[in-house]
Amino acid sequence: MENATANSEKILREEKAEFHVILLCCIVLLLAVVIVAGNSLVIASVICNRRLQTKTSAFITSLAIGDLMIGLIVIPLIVVSNTVGPFVENGLTYCHVTISLTITLMFNSVANLGAVTFDRFLAVVIPLRYKSVMTKRVIFPIIAFLWIFSTIFGFIPFMGWRTVIPPKHSSGLFCQVPLNLAQGYIITVCVVALFPSIFVLAAYIKIFKTACHHELRIAAAVNSVFRNQNDPKLNIIKETKAAKMVALVLGTFIFTWAPLFVIMIVDTTLNNTVNSYVYAGGVIFATLNSALNPLLYASMNSEFRDTFKMFLTCGKRSANRVAPVVAE
């Protein structure tokens with residue numbers, strides 16, 4: 001009798017676990033559709049609208065490509081590793097690839113935000129030297145380095161720095177971060193991600209102090225916009241607005257990713273006691289950042305907003321909205 005009761009309880013737990021897995025997979029697949037659609041619009045907008053082909057947009061496009069890969073590759077891998085993984089021989093391999101790609105793209109986002117912050121820092125703080133410093137020969141090697149570094153760092157566990165603990169079928173999700181990474185590596189991930197955040201925070205404090213210092217110049221520039229389109233004061237307005245947009249993107253990144261970092265630190269400190277579904281919730285909430293960025297661009301930048309509308313309505317931009325490419 002006791003064995004029958006125990007078996008019944010075990011079956012109920014497994015059915016409940018399977019329901020949770022299916023529910024989570026449906027949520028992340030829906031999120032993937034939004035991520036792919038939004039970031040495809042960002043990339044297509046930069047390609048098709050010459051007004052958006054700026055130096056800052058190079059970093060924004062790099063960030064959008066990373067977000068697009070989260071929707072196209074990482075989320076499907078999350079679904080496969082948790083639904084198919086438990087029943088195939090290479091299930092843990094799928095899990096390891098998923099975790100490594102997630103860490104890679106997470107660091108890619110952090111690094112790209114740091115790069116675009118540095119770009120805004122130079123544009124606002126040293127506007128007269130900005131064009132001579134941030135050239136294509138500087139921008140593209142920076143972007144290449146960020147992708148190479150984040151990829152190497154994300155796949156370090158494949159080089160041997162990991163501890164694999166096979167999950168029990170009824171213990172939650174099959175692909176769990178703390179069961180597939182060494183605690184030392186998890187701590188390193190949190191610490192390394194902290195340094196760009198400190199740099200970005202310090203840079204934006206300086207940016208907005210500079211913006212406040214030039215407040216009178218900006219006010220005067222508003223009155224002269226239609227008299228002189230090449231006025232340096234007008235450039236300050238543009239650069240400050242761009243810095244505010246990036247600051248909002250950064251704030252959203254911190255808001256969506258901070259819970260996952262807290263979960264990772266707490267789980268490591270308490271020796272893997274955090275429920276796997278709580279961990280998964282942190283990952284999903286962090287992934288939400290990839291869906292929000294295109295909305296932020298549209299809300300803060302009229303060019304992005306108008307180009308999004310053009311694609312969504314299959315319309316055509318007015319001739320007076322298309323600007324020639326300015327050599328930089």
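1. A nonpolar patch lies on the surface of this predicted model, formed by Val80, Val84, Phe87, Val88 and Tyr94, which together have about 420 Å² of accessible area. Patch members have over 30% relative accessible area and no salt bridge, with nonpolar side chains joined within 5 Å, where a salt bridge is a side-chain nitrogen of Lys or Arg within 4 Å of a carboxyl oxygen of Asp or Glu. Areas come from the Shrake-Rupley method with a 1.4 Å probe.

2. Phe87, one of the patch residues, sits in the loop between helix H2 (55-83) and helix H3 (91-125). Phe87 is exposed, with a relative accessible area of 61%, exposed being over 50% and buried under 20%.

3. The protein chain has 11 helices and zero strands, where helices are DSSP runs (H or I) of at least four residues and strands (E) of at least two. Of its 328 residues, 45% are buried.

4. Among contacts with a separation of 6 or more, 76% are between residues 24 or more positions apart, a contact being heavy atoms within 4.5 Å.

5. The unreviewed UniProt entry annotates transmembrane regions, including residues 99-126 and 181-205, although such annotations may be inferred rather than shown by experiment. In the model, residues 99-126 are 96% helix, with end C-alpha atoms 40 Å apart, while residues 181-205 are 92% helix, with end C-alpha atoms 36 Å apart.

6. Residues are numbered from 1 along each chain as its sequence is written, and side-chain values use heavy atoms, leaving out hydrogens and water. Because the model is predicted, local features need pLDDT of at least 70 and side-chain atom pairs count only at pLDDT 80 or more, whereas totals for chains, interfaces and linings use all residues.

How values were computed: Patches are made of residues with over 30% relative accessible area and no salt bridge: like charges are joined within 9 Å, nonpolar side chains (Val, Leu, Ile, Met, Phe, Trp, Tyr) within 5 Å. Buried means under 20% relative accessible area, exposed over 50%, partly exposed in between (1.4 Å probe, protein chains only).
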